[in-house]
Amino acid sequence: MKQHWNEVQPIDSYSVTMNGLLTNHDKKIIAFLYQPLIGPICTSLYTTFWHKVEENRLWSEEWNHYHLMNLLDLNLEDIYHARLKLEGIGLLKTYIKNEMDIRTFVYELQPPLSAEQFFTDGMLNIYLYQKLGQSHFLRLKKTFTDKKIETNEFTDVTRTFQDVFTSYGTGSLANNEGHEASHPNSGQDFFQRHAAGHIHIDGSDFDFDLLLSGLTDIMVPRKVFSPPVKEAIAKLSFLYSINAIEMKNIVLASLTADHGIDIDELRKAARDWYQMENNDRLPQLVDRHQPMVHREIDNKPTTKEEKLISYLETASPRQLLIDLSDGAEPAKSDLQAVEDIMFQQKLQPGVTNVLIHYVMLKTDMKLSKNYLEKIASHWSRKKINSVKSAMELAKNEHRQYQEWASGKKETNQRRKKPIRTEKLPDWFVSQEEPENQIKQENSAELEEKRRRLEAIQRKYQKNGGEKDGAN
(Lines give C-alpha, C1' and ligand atoms only; values in the text may rest on other atoms or scores of the structure.)
Protein backbone atom coordinates (compact mmCIF):
# COMPACT_ATOMS: atom_id res chain seq x y z
CA MET A 1 0.00 0.00 0.00
CA LYS A 2 1.35 3.40 -0.91
CA GLN A 3 2.24 5.99 1.67
CA HIS A 4 -0.58 8.43 0.94
CA TRP A 5 -3.23 5.88 1.92
CA ASN A 6 -1.73 5.82 5.41
CA GLU A 7 -1.83 9.61 5.60
CA VAL A 8 -5.27 10.51 4.22
CA GLN A 9 -8.44 8.74 3.04
CA PRO A 10 -11.27 10.02 0.80
CA ILE A 11 -13.70 9.82 3.71
CA ASP A 12 -11.54 12.05 5.96
CA SER A 13 -13.11 15.46 6.52
CA TYR A 14 -11.35 18.80 6.30
CA SER A 15 -11.96 22.51 6.70
CA VAL A 16 -9.91 25.46 5.54
CA THR A 17 -8.81 28.54 7.45
CA MET A 18 -6.62 31.47 6.52
CA ASN A 19 -3.76 32.90 8.49
CA GLY A 20 -4.91 36.47 7.90
CA LEU A 21 -6.41 38.15 4.88
CA LEU A 22 -5.27 37.33 1.37
CA THR A 23 -5.48 39.94 -1.38
CA ASN A 24 -5.71 40.03 -5.18
CA HIS A 25 -2.04 41.00 -5.22
CA ASP A 26 -1.31 37.70 -3.44
CA LYS A 27 -3.05 35.89 -6.33
CA LYS A 28 -0.69 37.59 -8.77
CA ILE A 29 2.34 36.56 -6.71
CA ILE A 30 1.11 32.94 -6.48
CA ALA A 31 0.44 32.77 -10.23
CA PHE A 32 3.62 34.46 -11.48
CA LEU A 33 6.27 33.67 -8.84
CA TYR A 34 5.24 30.45 -7.08
CA GLN A 35 3.49 28.57 -9.89
CA PRO A 36 6.63 28.09 -12.04
CA LEU A 37 8.22 26.32 -9.05
CA ILE A 38 5.32 24.23 -7.70
CA GLY A 39 3.28 23.63 -10.85
CA PRO A 40 -0.38 24.14 -11.79
CA ILE A 41 -1.79 21.33 -9.61
CA CYS A 42 -0.39 22.87 -6.42
CA THR A 43 -1.57 26.32 -7.51
CA SER A 44 -5.04 24.97 -8.25
CA LEU A 45 -5.24 23.27 -4.84
CA TYR A 46 -4.17 26.48 -3.07
CA THR A 47 -6.70 28.56 -5.04
CA THR A 48 -9.48 26.02 -4.39
CA PHE A 49 -8.81 26.11 -0.66
CA TRP A 50 -8.83 29.91 -0.85
CA HIS A 51 -12.26 29.98 -2.53
CA LYS A 52 -13.62 27.52 0.03
CA VAL A 53 -13.41 30.33 2.57
CA GLU A 54 -16.19 32.79 1.90
CA GLU A 55 -15.50 36.49 1.46
CA ASN A 56 -15.01 38.30 4.76
CA ARG A 57 -14.67 35.03 6.64
CA LEU A 58 -11.70 33.13 8.06
CA TRP A 59 -13.15 29.59 8.11
CA SER A 60 -14.77 27.34 5.52
CA GLU A 61 -17.47 24.73 5.92
CA GLU A 62 -16.44 21.13 6.53
CA TRP A 63 -16.04 18.83 3.52
CA ASN A 64 -14.48 15.42 2.86
CA HIS A 65 -11.57 14.60 0.56
CA TYR A 66 -13.77 12.63 -1.82
CA HIS A 67 -15.53 15.89 -2.64
CA LEU A 68 -12.12 17.54 -3.19
CA MET A 69 -11.08 14.75 -5.57
CA ASN A 70 -14.22 15.31 -7.68
CA LEU A 71 -13.86 19.08 -7.53
CA LEU A 72 -10.28 19.04 -8.84
CA ASP A 73 -10.71 15.91 -11.01
CA LEU A 74 -7.59 14.47 -9.38
CA ASN A 75 -6.81 11.26 -7.53
CA LEU A 76 -5.98 11.41 -3.84
CA GLU A 77 -2.30 10.66 -4.47
CA ASP A 78 -1.90 13.78 -6.63
CA ILE A 79 -3.74 15.91 -4.06
CA TYR A 80 -1.58 14.57 -1.24
CA HIS A 81 1.63 15.19 -3.19
CA ALA A 82 0.49 18.74 -4.05
CA ARG A 83 -0.31 19.36 -0.39
CA LEU A 84 3.22 18.36 0.62
CA LYS A 85 4.71 20.79 -1.90
CA LEU A 86 2.54 23.63 -0.59
CA GLU A 87 3.69 22.80 2.94
CA GLY A 88 7.34 22.66 1.89
CA ILE A 89 7.28 26.02 0.14
CA GLY A 90 5.54 27.71 3.08
CA LEU A 91 2.04 28.26 1.67
CA LEU A 92 0.16 25.75 3.83
CA LYS A 93 0.10 24.34 7.34
CA THR A 94 -1.73 21.09 8.04
CA TYR A 95 -3.28 20.06 11.36
CA ILE A 96 -4.87 16.69 12.11
CA LYS A 97 -7.13 15.38 14.88
CA ASN A 98 -7.96 11.71 15.50
CA GLU A 99 -11.09 11.15 17.56
CA MET A 100 -13.16 7.97 17.83
CA ASP A 101 -11.61 6.53 14.63
CA ILE A 102 -12.59 9.72 12.80
CA ARG A 103 -9.78 11.75 11.24
CA THR A 104 -10.25 15.49 10.68
CA PHE A 105 -7.88 17.89 8.94
CA VAL A 106 -7.50 21.65 9.14
CA TYR A 107 -5.66 23.28 6.24
CA GLU A 108 -4.38 26.74 7.16
CA LEU A 109 -3.45 28.86 4.14
CA GLN A 110 -0.35 30.99 4.63
CA PRO A 111 0.15 34.28 2.79
CA PRO A 112 2.88 34.25 0.16
CA LEU A 113 6.04 36.29 0.47
CA SER A 114 5.82 39.81 -0.88
CA ALA A 115 7.41 40.40 -4.27
CA GLU A 116 10.37 42.14 -2.59
CA GLN A 117 10.85 39.27 -0.14
CA PHE A 118 10.65 36.71 -2.95
CA PHE A 119 13.16 38.44 -5.24
CA THR A 120 15.62 38.92 -2.36
CA ASP A 121 15.08 35.51 -0.74
CA GLY A 122 18.43 34.11 -1.89
CA MET A 123 16.99 30.72 -2.75
CA LEU A 124 13.52 30.95 -4.33
CA ASN A 125 14.66 33.73 -6.65
CA ILE A 126 17.58 31.56 -7.83
CA TYR A 127 15.24 28.66 -8.62
CA LEU A 128 12.87 31.00 -10.46
CA TYR A 129 15.74 32.52 -12.46
CA GLN A 130 16.90 29.07 -13.55
CA LYS A 131 13.35 28.04 -14.41
CA LEU A 132 12.42 31.10 -16.49
CA GLY A 133 15.72 32.31 -17.89
CA GLN A 134 17.25 35.77 -17.58
CA SER A 135 15.02 37.64 -20.05
CA HIS A 136 11.71 36.37 -18.68
CA PHE A 137 12.92 36.69 -15.08
CA LEU A 138 13.91 40.36 -15.46
CA ARG A 139 10.70 41.17 -17.32
CA LEU A 140 8.65 39.51 -14.58
CA LYS A 141 10.58 41.36 -11.89
CA LYS A 142 9.79 44.63 -13.65
CA THR A 143 6.04 43.98 -13.35
CA PHE A 144 6.38 44.07 -9.56
CA THR A 145 8.33 47.33 -9.40
CA ASP A 146 7.66 50.95 -10.31
CA LYS A 147 9.47 54.25 -10.31
CA LYS A 148 10.31 55.49 -6.83
CA ILE A 149 9.19 59.03 -6.02
CA GLU A 150 11.95 61.03 -4.39
CA THR A 151 10.64 63.33 -1.64
CA ASN A 152 13.97 64.92 -0.73
CA GLU A 153 13.10 68.13 -2.53
CA PHE A 154 9.71 68.40 -0.84
CA THR A 155 8.81 69.58 2.67
CA ASP A 156 6.81 67.29 4.94
CA VAL A 157 3.75 69.26 6.17
CA THR A 158 1.81 66.28 7.60
CA ARG A 159 -0.08 67.14 10.82
CA THR A 160 0.20 64.98 13.93
CA PHE A 161 -2.71 63.38 15.78
CA GLN A 162 -2.62 66.04 18.48
CA ASP A 163 -2.70 68.80 15.85
CA VAL A 164 -6.00 67.52 14.48
CA PHE A 165 -7.86 65.88 17.38
CA THR A 166 -8.62 66.68 21.00
CA SER A 167 -10.03 64.56 23.82
CA TYR A 168 -12.93 65.27 26.22
CA GLY A 169 -11.47 62.87 28.82
CA THR A 170 -12.46 59.43 30.01
CA GLY A 171 -15.53 60.67 31.87
CA SER A 172 -17.43 61.09 28.63
CA LEU A 173 -17.51 57.32 28.06
CA ALA A 174 -20.04 55.16 29.84
CA ASN A 175 -18.44 52.61 32.16
CA ASN A 176 -19.61 49.60 30.20
CA GLU A 177 -18.61 51.10 26.88
CA GLY A 178 -15.17 51.95 28.20
CA HIS A 179 -14.75 48.38 29.40
CA GLU A 180 -15.72 46.92 26.03
CA ALA A 181 -13.44 49.33 24.19
CA SER A 182 -10.38 48.46 26.25
CA HIS A 183 -11.04 44.71 26.55
CA PRO A 184 -12.10 43.16 23.21
CA ASN A 185 -13.67 39.69 23.25
CA SER A 186 -10.74 37.26 23.36
CA GLY A 187 -12.86 34.50 21.84
CA GLN A 188 -12.98 36.21 18.44
CA ASP A 189 -10.27 36.74 15.84
CA PHE A 190 -9.95 40.00 13.93
CA PHE A 191 -9.38 40.13 10.19
CA GLN A 192 -5.76 41.09 9.79
CA ARG A 193 -2.72 40.60 7.60
CA HIS A 194 -0.11 38.25 9.06
CA ALA A 195 3.50 38.31 7.97
CA ALA A 196 4.48 35.61 5.51
CA GLY A 197 6.93 33.02 6.76
CA HIS A 198 10.29 32.75 5.01
CA ILE A 199 11.52 29.37 3.81
CA HIS A 200 13.57 27.89 6.64
CA ILE A 201 16.34 25.38 5.97
CA ASP A 202 17.29 23.20 8.92
CA GLY A 203 21.03 23.63 9.43
CA SER A 204 21.43 20.27 11.21
CA ASP A 205 22.59 18.63 7.95
CA PHE A 206 25.50 21.05 7.61
CA ASP A 207 28.68 20.32 9.60
CA PHE A 208 29.48 23.70 11.16
CA ASP A 209 32.10 22.11 13.42
CA LEU A 210 34.04 20.92 10.37
CA LEU A 211 33.74 24.36 8.78
CA LEU A 212 35.01 26.13 11.91
CA SER A 213 37.87 23.65 12.34
CA GLY A 214 39.30 24.87 9.03
CA LEU A 215 38.98 28.54 9.99
CA THR A 216 41.08 29.87 12.83
CA ASP A 217 39.65 32.54 15.12
CA ILE A 218 42.24 34.97 13.76
CA MET A 219 41.10 34.37 10.18
CA VAL A 220 37.38 34.55 10.94
CA PRO A 221 36.26 35.53 14.47
CA ARG A 222 33.61 33.18 15.82
CA LYS A 223 31.35 36.09 16.74
CA VAL A 224 30.68 36.84 13.06
CA PHE A 225 28.77 33.55 12.73
CA SER A 226 25.54 35.14 13.90
CA PRO A 227 22.20 33.34 13.47
CA PRO A 228 21.46 35.17 10.16
CA VAL A 229 24.92 34.23 8.80
CA LYS A 230 24.55 30.59 9.87
CA GLU A 231 21.08 30.45 8.34
CA ALA A 232 22.47 31.88 5.09
CA ILE A 233 25.28 29.28 5.06
CA ALA A 234 22.79 26.43 5.68
CA LYS A 235 20.53 27.72 2.91
CA LEU A 236 23.40 28.06 0.44
CA SER A 237 24.68 24.61 1.37
CA PHE A 238 21.27 23.14 0.50
CA LEU A 239 20.79 25.26 -2.61
CA TYR A 240 24.19 24.53 -4.19
CA SER A 241 25.09 21.20 -2.48
CA ILE A 242 28.20 22.73 -0.89
CA ASN A 243 29.90 20.73 1.85
CA ALA A 244 31.72 22.20 4.85
CA ILE A 245 35.19 21.95 3.26
CA GLU A 246 34.10 23.72 0.07
CA MET A 247 32.21 26.34 2.11
CA LYS A 248 35.46 27.41 3.81
CA ASN A 249 36.79 29.22 0.72
CA ILE A 250 33.39 30.74 0.03
CA VAL A 251 33.28 32.19 3.56
CA LEU A 252 36.80 33.58 3.17
CA ALA A 253 35.81 35.22 -0.13
CA SER A 254 32.94 37.04 1.58
CA LEU A 255 34.96 38.61 4.43
CA THR A 256 34.75 42.39 4.81
CA ALA A 257 37.59 44.75 5.75
CA ASP A 258 36.55 44.67 9.42
CA HIS A 259 36.53 40.82 9.48
CA GLY A 260 32.77 40.50 9.15
CA ILE A 261 30.79 38.34 6.71
CA ASP A 262 28.81 40.11 4.01
CA ILE A 263 25.79 37.89 3.31
CA ASP A 264 25.33 39.33 -0.19
CA GLU A 265 28.98 38.57 -1.00
CA LEU A 266 28.52 35.11 0.52
CA ARG A 267 25.63 34.46 -1.86
CA LYS A 268 27.58 35.76 -4.83
CA ALA A 269 30.65 33.64 -3.98
CA ALA A 270 28.49 30.52 -3.61
CA ARG A 271 26.72 31.20 -6.90
CA ASP A 272 30.02 31.79 -8.71
CA TRP A 273 31.44 28.56 -7.28
CA TYR A 274 28.42 26.53 -8.40
CA GLN A 275 28.36 28.01 -11.90
CA MET A 276 32.07 27.37 -12.31
CA GLU A 277 31.54 23.74 -11.26
CA ASN A 278 28.44 23.28 -13.46
CA ASN A 279 29.19 25.13 -16.70
CA ASP A 280 27.36 28.34 -15.75
CA ARG A 281 24.15 26.47 -14.88
CA LEU A 282 22.10 27.29 -11.80
CA PRO A 283 20.36 24.71 -9.60
CA GLN A 284 16.74 23.69 -10.14
CA LEU A 285 14.13 22.93 -7.52
CA VAL A 286 13.64 19.14 -7.55
CA ASP A 287 13.01 16.40 -5.02
CA ARG A 288 16.34 15.24 -3.61
CA HIS A 289 15.10 11.70 -2.96
CA GLN A 290 12.19 9.58 -4.11
CA PRO A 291 9.06 11.39 -2.78
CA MET A 292 7.20 9.51 -0.06
CA VAL A 293 4.08 9.47 -2.22
CA HIS A 294 5.89 7.31 -4.81
CA ARG A 295 7.52 4.86 -2.39
CA GLU A 296 6.42 1.23 -2.23
CA ILE A 297 8.21 0.05 0.93
CA ASP A 298 6.50 1.55 3.98
CA ASN A 299 7.54 -0.96 6.62
CA LYS A 300 10.92 -2.50 7.34
CA PRO A 301 11.88 -4.56 4.27
CA THR A 302 12.39 -8.29 4.73
CA THR A 303 13.23 -9.88 1.37
CA LYS A 304 16.34 -9.15 -0.67
CA GLU A 305 14.30 -7.41 -3.36
CA GLU A 306 12.44 -5.25 -0.82
CA LYS A 307 15.72 -4.17 0.74
CA LEU A 308 17.13 -3.17 -2.64
CA ILE A 309 13.92 -1.29 -3.49
CA SER A 310 14.13 0.50 -0.15
CA TYR A 311 17.72 1.53 -0.88
CA LEU A 312 16.88 2.78 -4.38
CA GLU A 313 13.94 4.75 -2.96
CA THR A 314 15.92 6.46 -0.20
CA ALA A 315 19.29 7.12 -1.88
CA SER A 316 19.87 10.06 -4.20
CA PRO A 317 21.22 9.27 -7.70
CA ARG A 318 24.48 10.97 -6.77
CA GLN A 319 24.82 8.76 -3.68
CA LEU A 320 24.16 5.67 -5.79
CA LEU A 321 26.99 6.63 -8.16
CA ILE A 322 29.29 7.19 -5.17
CA ASP A 323 28.37 3.77 -3.72
CA LEU A 324 29.00 2.12 -7.08
CA SER A 325 32.49 3.64 -7.07
CA ASP A 326 33.39 2.48 -3.55
CA GLY A 327 33.03 6.02 -2.15
CA ALA A 328 34.80 7.89 -4.95
CA GLU A 329 33.21 11.05 -6.35
CA PRO A 330 31.42 10.32 -9.64
CA ALA A 331 32.69 11.90 -12.85
CA LYS A 332 31.17 15.24 -13.78
CA SER A 333 30.09 13.82 -17.13
CA ASP A 334 28.13 11.06 -15.34
CA LEU A 335 26.50 13.55 -12.98
CA GLN A 336 25.64 15.80 -15.91
CA ALA A 337 24.07 12.91 -17.83
CA VAL A 338 21.95 11.89 -14.83
CA GLU A 339 20.95 15.50 -14.08
CA ASP A 340 19.89 16.03 -17.69
CA ILE A 341 17.60 13.01 -17.83
CA MET A 342 16.05 13.87 -14.44
CA PHE A 343 15.26 17.43 -15.50
CA GLN A 344 14.37 16.86 -19.14
CA GLN A 345 12.42 13.61 -18.76
CA LYS A 346 11.03 14.49 -15.29
CA LEU A 347 11.97 11.11 -13.81
CA GLN A 348 11.63 10.57 -10.07
CA PRO A 349 14.95 10.05 -8.21
CA GLY A 350 14.14 6.42 -7.36
CA VAL A 351 13.24 5.66 -10.98
CA THR A 352 16.50 7.30 -12.04
CA ASN A 353 18.34 4.97 -9.64
CA VAL A 354 16.78 1.89 -11.29
CA LEU A 355 17.80 3.28 -14.68
CA ILE A 356 21.40 3.82 -13.53
CA HIS A 357 21.49 0.34 -11.99
CA TYR A 358 20.21 -1.28 -15.19
CA VAL A 359 22.23 0.73 -17.71
CA MET A 360 25.58 0.39 -15.92
CA LEU A 361 25.32 -3.40 -15.88
CA LYS A 362 24.21 -3.45 -19.52
CA THR A 363 27.08 -1.24 -20.73
CA ASP A 364 30.11 -2.59 -18.87
CA MET A 365 29.66 -0.21 -15.89
CA LYS A 366 29.70 2.87 -18.12
CA LEU A 367 26.92 5.46 -18.29
CA SER A 368 26.18 5.71 -22.00
CA LYS A 369 24.33 9.01 -22.28
CA ASN A 370 22.48 8.15 -25.51
CA TYR A 371 21.35 4.78 -24.15
CA LEU A 372 20.38 6.40 -20.84
CA GLU A 373 18.32 9.10 -22.59
CA LYS A 374 16.53 6.63 -24.87
CA ILE A 375 15.30 4.44 -22.02
CA ALA A 376 14.53 7.49 -19.86
CA SER A 377 12.37 8.94 -22.65
CA HIS A 378 10.47 5.64 -22.85
CA TRP A 379 9.88 5.54 -19.09
CA SER A 380 8.77 9.18 -19.10
CA ARG A 381 6.16 8.49 -21.80
CA LYS A 382 4.96 5.48 -19.80
CA LYS A 383 4.65 7.77 -16.72
CA ILE A 384 6.80 5.50 -14.53
CA ASN A 385 6.95 6.99 -11.02
CA SER A 386 7.91 4.13 -8.68
CA VAL A 387 10.97 1.92 -8.32
CA LYS A 388 8.96 -1.29 -8.60
CA SER A 389 7.14 -0.24 -11.79
CA ALA A 390 10.50 0.75 -13.33
CA MET A 391 11.89 -2.71 -12.55
CA GLU A 392 8.83 -4.40 -14.07
CA LEU A 393 9.02 -2.34 -17.25
CA ALA A 394 12.74 -3.09 -17.64
CA LYS A 395 11.94 -6.82 -17.46
CA ASN A 396 9.09 -6.56 -19.97
CA GLU A 397 11.02 -4.42 -22.46
CA HIS A 398 14.42 -6.10 -22.09
CA ARG A 399 14.56 -7.38 -25.69
CA GLN A 400 13.75 -3.92 -27.05
CA TYR A 401 16.45 -2.36 -24.86
CA GLN A 402 18.94 -4.94 -26.16
CA GLU A 403 18.24 -3.73 -29.70
CA TRP A 404 18.75 -0.12 -28.65
CA ALA A 405 22.05 -1.07 -27.02
CA SER A 406 23.26 -2.75 -30.22
CA GLY A 407 22.16 0.25 -32.26
CA LYS A 408 20.23 -1.68 -34.91
CA LYS A 409 16.96 -3.49 -35.41
CA GLU A 410 17.15 -7.26 -35.10
CA THR A 411 15.33 -9.33 -37.67
CA ASN A 412 12.81 -11.92 -36.58
CA GLN A 413 15.25 -14.66 -37.55
CA ARG A 414 18.12 -13.19 -35.53
CA ARG A 415 15.87 -12.76 -32.54
CA LYS A 416 15.41 -16.50 -32.47
CA LYS A 417 19.15 -17.08 -32.46
CA PRO A 418 20.88 -17.25 -29.08
CA ILE A 419 22.63 -14.03 -28.07
CA ARG A 420 25.52 -13.99 -25.65
CA THR A 421 24.26 -13.84 -22.10
CA GLU A 422 24.76 -10.43 -20.53
CA LYS A 423 25.01 -9.19 -17.01
CA LEU A 424 21.71 -8.10 -15.52
CA PRO A 425 20.68 -6.77 -12.10
CA ASP A 426 19.73 -9.39 -9.54
CA TRP A 427 16.19 -7.99 -9.41
CA PHE A 428 15.88 -8.61 -13.17
CA VAL A 429 16.00 -12.42 -12.92
CA SER A 430 12.60 -13.93 -12.19
CA GLN A 431 12.16 -17.01 -10.04
CA GLU A 432 11.37 -19.12 -13.10
CA GLU A 433 14.63 -18.20 -14.87
CA PRO A 434 17.78 -20.23 -14.16
CA GLU A 435 20.14 -18.26 -11.98
CA ASN A 436 23.15 -19.28 -14.05
CA GLN A 437 21.85 -16.86 -16.69
CA ILE A 438 23.69 -14.09 -14.87
CA LYS A 439 26.87 -16.09 -14.32
CA GLN A 440 28.06 -16.62 -17.88
CA GLU A 441 30.33 -13.60 -18.31
CA ASN A 442 33.98 -14.43 -17.60
CA SER A 443 35.41 -10.92 -17.61
CA ALA A 444 37.39 -10.45 -14.39
CA GLU A 445 37.16 -6.69 -14.64
CA LEU A 446 33.39 -6.75 -15.01
CA GLU A 447 33.09 -9.18 -12.12
CA GLU A 448 35.00 -6.76 -9.91
CA LYS A 449 32.64 -3.94 -10.83
CA ARG A 450 29.66 -6.20 -10.30
CA ARG A 451 31.00 -6.95 -6.83
CA ARG A 452 30.40 -3.31 -5.93
CA LEU A 453 26.72 -3.62 -6.78
CA GLU A 454 26.46 -6.80 -4.72
CA ALA A 455 28.22 -5.07 -1.82
CA ILE A 456 25.55 -2.39 -1.87
CA GLN A 457 22.81 -5.02 -1.85
CA ARG A 458 24.46 -6.87 1.06
CA LYS A 459 24.76 -3.59 2.93
CA TYR A 460 21.05 -3.00 2.62
CA GLN A 461 20.19 -6.58 3.52
CA LYS A 462 21.82 -5.80 6.83
CA ASN A 463 20.67 -2.20 7.21
CA GLY A 464 17.52 -2.25 5.08
CA GLY A 465 14.94 0.32 5.99
CA GLU A 466 17.25 2.55 8.04
CA LYS A 467 17.07 5.29 5.41
CA ASP A 468 13.29 5.19 5.03
CA GLY A 469 12.92 8.65 6.51
CA ALA A 470 15.71 10.25 4.50
CA ASN A 471 13.36 12.31 2.45
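**Notebook: sheet, rings and helix packing**

I began with the sheet, an open one of four strands in the order 2-1-4-3, with mixed pairing. I note that the model is a predicted one. Strand 2 (63-64) and strand 3 are the edge strands, and each pairs on one side only.

Next I looked up the pairings one by one. Strand 1 (residues 13-18) and strand 4 run parallel and are joined by six bridges. Strand 3 (residues 92-99) and strand 4 (residues 102-109) run antiparallel, with eight bridges between them. I kept in mind that strands of a sheet pair through backbone hydrogen bonds, either parallel or antiparallel.

I then followed the chain from strand 3 into strand 4. The two strands form a hairpin with two residues between them. Glu99 has Ile102 in strand 4 as its bridge partner. Met100 sits in the turn and has a positive phi of about 55°.

**Aromatic rings**

I searched the whole structure for aromatic pairs and got eleven. I looked at Phe118 and Phe119 in detail. Their ring centres are 6.1 Å apart and their planes stand at 70°; planes over 60 degrees apart count as edge-to-face, so this pair is edge-to-face.

Phe119 has another partner, Phe137. This pair is edge-to-face as well, with 5.5 Å from centre to centre and 70° between the planes. Which helices does the pair connect? Phe119 belongs to helix 5 (residues 115-119) and Phe137 to helix 7 (residues 134-143), so the contact ties together parts that are 18 residues apart in sequence. Phe137 is at 8% relative accessibility, so I count Phe137 as buried.

I stepped back to see what the ring pairs link. They connect Tyr34, Phe118, Phe119, Tyr129, Phe137 and Phe144 into a cluster.

**Charges over rings**

One member of the cluster, Phe144, has a lysine over its face: Lys28, at 5.1 Å from the ring centre. I found another case at Trp63. The charged end of Lys52 sits over that ring, 3.7 Å from its centre.

**Helix packing**

I moved on to helix 15 (residues 317-324) and helix 17 (residues 349-362). Their axes are 9 Å apart, and the two pack at an angle of about 30°. Angles under 35 degrees count as roughly parallel, so helix 15 is roughly parallel to helix 17. I also looked up the hand of the crossing of helix 15 and helix 17, and it is right-handed.

**Met247**

My last entry is Met247, in helix 12 (residues 244-253). Its relative accessibility is 0%, so Met247 goes down as buried. How far is Met247 from Ala270, in sequence and in space? They are 23 residues apart in sequence and 8.0 Å apart in space, taken C-alpha to C-alpha.

Terms used:
Residues numbered from 1 in each chain as written. Predicted model: local features only at pLDDT ≥ 70, side-chain atom pairs only at ≥ 80, totals over all residues. Heavy atoms only, no water. Phe/Tyr/Trp six-rings, centres within 6.5 Å; stacked < 30°, edge-to-face > 60°. Buried < 20%, exposed > 50% of the residue type's maximum accessible area, 1.4 Å probe, protein only. Lys NZ or Arg CZ within 6 Å of the ring centre and 35° of its normal. Pairing = 2+ DSSP bridges. Axes fitted to C-alpha atoms, helices over the stretch in contact; angles between N-to-C directions. Parallel < 35°, antiparallel > 145°, perpendicular 65-115°, else oblique. Left-handed = near helix turned anticlockwise from the far one by under 90°.
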